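Dear colleague,

I am handing over the structure we spoke about, and below it you will find what came out of going through it. Please read the notes with the coordinates open beside you.

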Amino acid sequence: MSGEKLPPQGVAAANTSGSASAVEFCKGVNGLEKVVLREPRGTSAEVYLYGGHVTSWKNDHGEELLFVSSKAIFKPPKAIRGGIPICFPQFGGLGSLEQHGFARNRFWIVDTDPPPFPVPTSSRAYVDLLLKPSEEDLKIWPHSYEFRLRVALSPGGDLMLTSRIRNTNTDGKAFSFTFAYHTYFSVSDISEVRVEGLETLDYLDNLQNRERFTEQGDAITFESEVDKIYLSTPTKIAILDHEKKRTFVMRKEGLPDAVVWNPWDKKAKAMADFGDDEYKHMLCVEAAAIEKSITLKPGEEWKGRQELSAVPSSYCSGQLDPHKVLQGS
Ligand code: BG6
């Protein structure tokens with residue numbers, strides 16, 4: 001996936017000076033521009049400007065933590081299958097736009113001078129991207145906005161995504177949107193995975209016309225297709241990979257809902273950009289704002305943040321208390 005080096009495109013000096021390798025601009029699959037972030041301890045991440053799309057997140061052993069399909073098509077207008085597509089301004093088919101909105105198949109630009117964050121990012125491995133509507137976009141969604149996405153690796157290797165969306169309409173109109181970080185986690189075997197933090201919650205079942213149900217049982221496990229939108233979820237969700245002895249912890253802000261998706265065998269076969277058996281090695285858990293859309297008046301800004309960490313789990317030996325994972329900091 002690595003390729004020819006590009007000039008740093010005048011990106012803010014703060015995150016490139018001193019360590020040339022913290023942020024590298026280069027070309028990825030099909031010559032698409034990408035940004036590689038590296039932390040001194042060996043963790044890394046990759047972001048494509050196409051889609052503002054994170055396609056890789058590796059731990060300090062170089063192990064890939066996100067799933068990207070071997071059949072992913074890195075070519076517009078198809079969104080990249082895997083990694084972290086951004087669903088904006090519409091989640092799924094909940095509106096008149098194309099499925100999951102258009103942010104995931106637009107070319108973002110590097111934001112060289114983003115408005116400052118209240119708390120500065122504590123590492124040099126970050127990049128700021130910006131999406132604004134084109135003339136064509138305004139025809140299908142007639143609103144001016146600035147969507148700023150910061151992708152950062154913490155010194156410890158956590159992957160942090162912060163979205164700031166501002167209404168820049170000059171016609172006095174508010175707009176509403178739904179949103180998701182459509183994260184594809186890489187797992188060893190889906191049948192050995194459990195999700196903690198969503199049990200007993202209400203969800204809308206996408207497989208049953210979004211009818212509302214209440215989750216029963218101790219934890220979410222997987223033995224068939226699942227496509228659910230959990231509502232009013234906690235700020236922490238854990239994904240336990242029994243076989244890998246790894247737990248992903250997702251922390252989120254501004255994103256009350258969480259989608260859990262696995263296409264299973266039949267749907268996998270029907271997707272051109274997804275291998276027939278790949279459903280066994282992925283799980284989407286998506287921090288989202290879906291049930292209640294976000295409304296912004298002109299000049300208002302919304303912030304939605306997702307932080308991912310991957311920690312060794314001792315679930316296998318029966319020591320892991322999921323409540324500790326969810327409540328610990
Ligand atoms: C999930 C949806 O978020 O994304 C599913 O809940 C959908 O219904 C899946 O099938 C994949 O969507 P797409 O457009 O990337 O194939």
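In this predicted model, strand S3 (residues 44-48) has 5 of its 5 residues buried, so the strand is largely enclosed by the rest of the structure. Ser44, Glu46 and Tyr48 point one way from S3, while Ala45 and Val47 point the other way, and all of these are buried.

S3 has a strand paired with it through each of two hairpins. With strand S2 (residues 33-38) S3 pairs in the antiparallel sense over 5 bridges, and within that pairing Val36 stands opposite Glu46. The hairpin of S2 and S3 leaves 5 residues between the strands, and Gly42 in its turn has a positive phi of about 110°. Strand S4 (residues 53-58) is likewise antiparallel to S3 and joined to it by 5 bridges, with Lys58 in S4 as the bridge partner of Ser44. Here the hairpin has 4 residues between the strands, and Gly51 takes a positive phi near 90°.

The charged end of Lys228 sits over the ring of Tyr203, 4.3 Å from its centre. Elsewhere, Arg164 lies over the face of Phe117, at 3.8 Å from the ring centre.

Turning to the aromatic residues, a search of the whole structure finds 23 aromatic pairs. In one of them, the rings of Phe147 and Phe179 have their centres 6.1 Å apart and their planes at 45°, so this pair is tilted. Because Phe147 lies in strand S8 (residues 145-153) and Phe179 in strand S10 (residues 175-181), the pair ties together parts that are 32 residues apart in sequence. Phe147 counts as buried at 0% relative accessibility, and Phe179 counts as buried at 0% relative accessibility.

Another tilted pair is that of Trp264 and Tyr279, whose ring centres are 5.1 Å apart and whose planes meet at 50°. This pair links distant parts of the chain, 15 residues apart, since Trp264 is in helix H2 (residues 264-270) and Tyr279 in the loop between H2 and strand S19 (282-296). Trp264 is buried with a relative accessible area of 15%, and Tyr279 is buried at 9%.

Ring pairs also link a cluster that includes Phe88, Trp108, Phe147, Phe179 and Trp302.

Finally, the ligand: among the residues that surround it are Arg81, Gln99, His182, Asp227, Trp261 and Glu286. A polar side-chain atom of Asp227 lies 2.5 Å from an oxygen atom of the ligand, one of Glu286 lies 2.9 Å from a ligand oxygen atom, and one of Gln99 lies 3.0 Å from a ligand oxygen atom. Taken alone, the ligand exposes 400 Å², of which the protein buries 82%.

With best regards

Terms used
Residues numbered from 1 in each chain as written. Predicted model: local features only at pLDDT ≥ 70, side-chain atom pairs only at ≥ 80, totals over all residues. Heavy atoms only, no water. Phe/Tyr/Trp six-rings, centres within 6.5 Å; stacked < 30°, edge-to-face > 60°. Buried < 20%, exposed > 50% of the residue type's maximum accessible area, 1.4 Å probe, protein only. Lys NZ or Arg CZ within 6 Å of the ring centre and 35° of its normal. Near = heavy atom within 4 Å. Polar contact = N/O pair within 3.5 Å; in protein donor to acceptor, adjacent residues only side chain to side chain. Areas by Shrake-Rupley, 256 points an atom, 1.4 Å probe, with all protein chains shown as cover. Pairing = 2+ DSSP bridges.
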